[in-house]
Amino acid sequence: MSEEKKEVSAKEVELVVEEVKQEPDFIDALKTAQDKLKDKEISISNIMTIVQVTMEAVELTKVKGEKQKDLAVKLIQKIIEDAPISDDKEKFLLDMLKEGVIGSTIDLVVAASKGELDINSVKEVAVGCCGFLIKKIKK
């Protein structure tokens with residue numbers, strides 16, 4: 001049985017992404033996060049505050065399970081992209097998302113909140129985060 005492959009244009013992909021960003025849960029959580037962050041600068045030094053605020057906003061939605069993490073990551077991406085920051089800072093923060101640093105941090109916070117924190121897991125996440133940062137700083 002052969003799979004039929006269909007070529008799609010970048011514009012079609014963008015439309016799908018825009019549709020996801022227009023879902024009511026996304027819009028509600030984005031508004032909540034933006035309200036809490038309105039007086040805060042979006043920067044490398046406070047990215048964990050942004051993660052915290054975003055996770056709290058997602059918790060107020062009907063989204064549950066692994067989809068919460070996905071929604072949080074999409075919200076953080078939108079917040080970073082919309083922030084009035086330099087291109088270098090934006091790229092660095094988006095690279096943290098792309099490389100999974102933010103996602104791993106969310107996993108760590110969730111595990112801690114459930115009492116599932118294994119200190120060896122924390123070490124692995126910390127080593128991964130530090131490795132990412134060291135690579136970026138050396139560039």
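The term pLDDT denotes the predictor's confidence in each residue, on a scale from 0 to 100. I begin with it because the structure before us is a predicted model, in which local features need pLDDT of at least 70 and side-chain atom pairs count only at pLDDT 80 or more, while totals for chains, interfaces and linings use all residues. Residues are numbered from 1 along each chain as its sequence is written, and side-chain values use heavy atoms, with hydrogens and water left out.

For this chain the mean pLDDT is 78, and 68% of the residues reach 70 or more. Over residues 8-17 the pLDDT stays under 50. In that stretch the model has two contacts beyond four places in sequence, a contact being heavy atoms within 4.5 Å. Where pLDDT is low, the predicted coordinates should not be read in detail.

Let me turn to the overall architecture. The chain contains seven helices and zero strands. These names refer to DSSP runs, numbered from the N terminus: helices are H or I with at least four residues, and strands are E with at least two. Of the 139 residues in the chain, 31% are buried. Buried means under 20% relative accessible area, exposed means over 50%, and partly exposed lies in between, using a 1.4 Å probe and protein chains only. Among contacts between residues at least 6 apart in sequence, 64% join residues at least 24 apart.

Next, the interior. A nonpolar core is a set of buried Ala, Val, Leu, Ile, Met, Phe, Trp, Tyr and Cys residues joined through side-chain atoms within 4.5 Å. Which residues have the most contacts inside the largest core? They are Ile42, Ile47, Ile76 and Ile102, in a core of 29 residues. At least two core residues come from each of H2 (24-37), H3 (47-59), H4 (66-82), H5 (87-98) and H6 (101-113). Helix H3 supplies the largest share, seven residues. In soluble globular proteins, nonpolar side chains tend to be buried together.

Leaving aside residues up to four places away in sequence, Ile42 touches Leu37, Ile50, Ile79, Ala83, Ile85 and Leu93. Leu93 belongs to helix H5 and is buried, with a relative accessible area of 0%. With the same exclusion of residues up to four places away in sequence, Leu93 touches Ile42, Ser43, Ile44, Ile47, Ile80 and Ile85. The C-alpha atoms of Leu93 and Ile76 are 9.4 Å apart, although 17 residues separate the two along the chain.

Beyond four places in sequence, Thr61 touches Asp25, Ala29 and Leu71.

Finally, the pockets. On a 1 Å grid over the protein atoms alone, a pocket is an open set of points where a 1.4 Å probe fits, with protein on both sides within 12 Å along at least five of seven lines; lining residues have an atom within 4 Å of a point. The largest pocket holds about 370 Å³, a volume being the space filled by probe spheres set on the points. Its lining has 16 residues, with Met55, Glu59, Gln68, Ile106 and Val110 nearest the centre. Helices H3, H4 and H6 each give two or more residues to this lining.

The second largest pocket has a volume of about 180 Å³. Its lining includes Leu37, Ile42, Ile79, Ala83 and Ile85, and the elements that give two or more residues to it are H2 and H4.
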